[in-house]
Amino acid sequence: MASSSSWEEGDAAAAAAAATDVELLKRAWRNEKAAPEILRFEAALVARAREQIQLLEETVEEFMENGVDDLVVSLYQMDLDRTLFLLRSYLRIRLQKIEKYMIHISKSNLWNRLSEQEQRFAKRCTEIMEKHLEQSVLSKLPYGYQSMLKQSISSEEDDMVPEPQLDTFVFCKTKGAVGAFQLDDIGDEIVDLVADDLYVLRYKSIKGLVESGQIDLV
Amino acid sequence: MYGRRASQLLKELGSCEAGQLTPFDSDSFDQVTKECNKHNLQLQSLIRKIEDQNLDIQTTRNEDHFGAVIHHLSLTRNKRCLMAYMYNRAEVIQSFRWKVGPVLPQEIQEKLNYSEEEYFKSHSAAIESYMSELDLDLTVDMVPPKDPYIRVRVLDDIGEVCLGDHSISLTKHSLHFLRRTDAEQFISQGLMEEFLE
């Protein structure tokens with residue numbers, strides 16, 4: 001009896017751990033999908049998810065070899081497929097954000113949010129885009145107007161870099177109670193964020209809460 | 001009117017369905033770049049005129065100054081339009097790598113100019129090298145999976161293919177029950193379709 005209960009406990013704990021990683025990945029994926037700008041790369045989580053995927057793949061293979069019931073195999077396979085989709089989609093959304101805002105990302109502190117591989121990808125993409133615009137447009141323009149980043153030599157700042165719209169509204173869900181939260185700089189708009197409630201707010205104002213994990217985007 | 005051609009170029013882009021491309025309009029494109037250079041010549045000659053009169057270029061506010069400003073602004077506007085045209089097309093082109101695959105069909109390729117073709121190839125090579133660094137193919141699984149297996153109909157003679165640990169022969173019009181991940185690559189190439197009863 002005692003041994004069986006401890007086995008059950010161990011199993012439950014393992015299941016809970018597995019569930020949380022997939023849950024975490026789902027959360028990271030949802031946040032990334034809804035946020036207009038790129039978020040911090042979840043390196044540890046992705047590494048764990050990949051390990052679990054490999055384990056699942058091995059299990060499925062083993063089951064197939066041992067002739068375990070087809071239904072069980074396909075349930076495992078489905079679980080595996082879903083996790084794989086989450087992982088791929090997560091990485092894909094990030095790549096697409098990099099494709100869109102590569103110059104902005106590489107010129108701001110967002111750069112540190114990318115994984116090593118993503119940084120290499122962003123660098124390469126920027127070079128390719130630069131070359132493309134250079135040979136098709138910029139080289140044909142008069143001197144003083146040939147910069148990719150500035151409209152002309154008289155612009156003081158880079159005024160031709162596409163940036164994400166941080167003003168956009170997002171749906172978000174609080175995890176715990178945050179309390180009275182200031183939405184703007186002046187303090188005119190204050191909202192009381194209670195636990196487990198849905199809000200539609202400007203991304204810009206809750207950016208900090210998303211980054212610290214106090215609020216989830218949906 | 002200054003800048004009209006350039007705005008037409010963008011209207012062309014805007015009237016096109018999202019995610020689609022119109023043929024590269026090299027005619028208008030070249031005319032706009034020519035317009036840019038004409039603006040520049042006039043701009044330079046106005047500046048020279050101001051300088052010849054021994055006036056300070058920073059503070060002079062005569063008709064030549066305002067003429068020069070108009071040419072400068074028209075030039076930057078044209079530049080923005082040209083860049084927007086090229087950039088937005090490039091965005092559509094890079095989305096083809098995800099939607100169509102590494103090889104573009106003839107009808108799309110005809111719409112690209114030389115630099116755009118090159119751009120597509122280098123960009124898709126960048127995606128590939130990212131995927132091989134990660135050892136994970138990101139171009140499959142574009143929609144959330146439902147059933148791990150799907151019924152497919154083969155649309156073209158593909159021949160003997162090795163899937164997992166066994167090989168099957170995919171002949172035209174045959175029906176198969178395959179793993180979704182295996183079938184997806186063929187579906188995106190247009191060699192198979194999902195068979196729905």
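A:Met64 sits in helix H2 of chain A, which covers residues 43–66. Helices here are DSSP runs of H or I with at least four residues, strands are runs of E with at least two, and both are numbered from the N terminus. This is a predicted model, in which local features need pLDDT of at least 70, side-chain atom pairs count only at pLDDT 80 or more, and totals for chains, interfaces and linings use all residues. Residues are numbered from 1 along each chain as its sequence is written, chains are lettered from A and ligands numbered from 1 in the order in which they are written, and side-chain values use heavy atoms, leaving out hydrogens and water.

Is A:Met64 buried, partly exposed or exposed? Its relative accessibility is 44%, so A:Met64 counts as partly exposed. With a 1.4 Å probe and protein chains only, buried means under 20% relative accessible area, exposed means over 50%, and partly exposed lies in between. Leaving aside residues up to four places away in sequence, A:Met64 touches A:Val73 and B:Arg179. Contact here means heavy atoms within 4.5 Å. From C-alpha to C-alpha, A:Met64 and A:Ser74 are 9.9 Å apart in space, and they are 10 residues apart in sequence.

Now follow chain A to helix H3, residues 70–106, which bends by about 75° at A:Lys100. That bend is the angle between axes fitted to the seven residues ending there and the seven starting there. Of the 37 residues of H3(A), 26 are buried, so the helix is largely enclosed by the rest of the structure. A:Arg92 lies in this helix. A:Arg92 counts as buried because its relative accessibility is 4%. Which residues does A:Arg92 touch, not counting those up to four places away in sequence? They are A:Phe85 of chain A and, from chain B, B:Trp98, B:Leu138, B:Val140, B:Asp141 and B:Met142.

Let's step back to whole domains, whose bounds come from an automatic or database domain assignment. Chain A is divided into domain 1 (2–162) and domain 2 (165–218). Their centres, taken over C-alpha atoms, are separated by 24 Å. Nine residues from domain 1 of chain A and 12 residues from domain 2 of chain A take part in the contact. For chain B, the assignment gives domain 1 (4–134) and domain 2 (149–194), with C-alpha centres 43 Å apart.

In chain B, look at helix H1 (residues 4–15) and helix H2 (residues 26–52), which pack at an angle of about 145° with their axes 9 Å apart. Axes are lines fitted to C-alpha atoms, for helices over the stretch in contact, and angles run from 0 to 180 degrees between N-to-C directions. On the H1(B) side, B:Arg5, B:Ala6 and B:Leu9 meet B:Ser28, B:Phe29, B:Gln31, B:Val32 and B:Glu35 of H2(B).

Finally, visit two loops of chain B. B:Asp135 is found between helix H5 (114–134) and strand S1 (149–154). B:Asp135 has a positive phi of about 55° although it is not a glycine, and its relative accessible area of 65% makes it exposed. B:His173 is in the loop between strand S3 (166–170) and strand S4 (175–179). B:His173, also not a glycine, has a positive phi of about 70°, and at 58% relative accessibility it counts as exposed.
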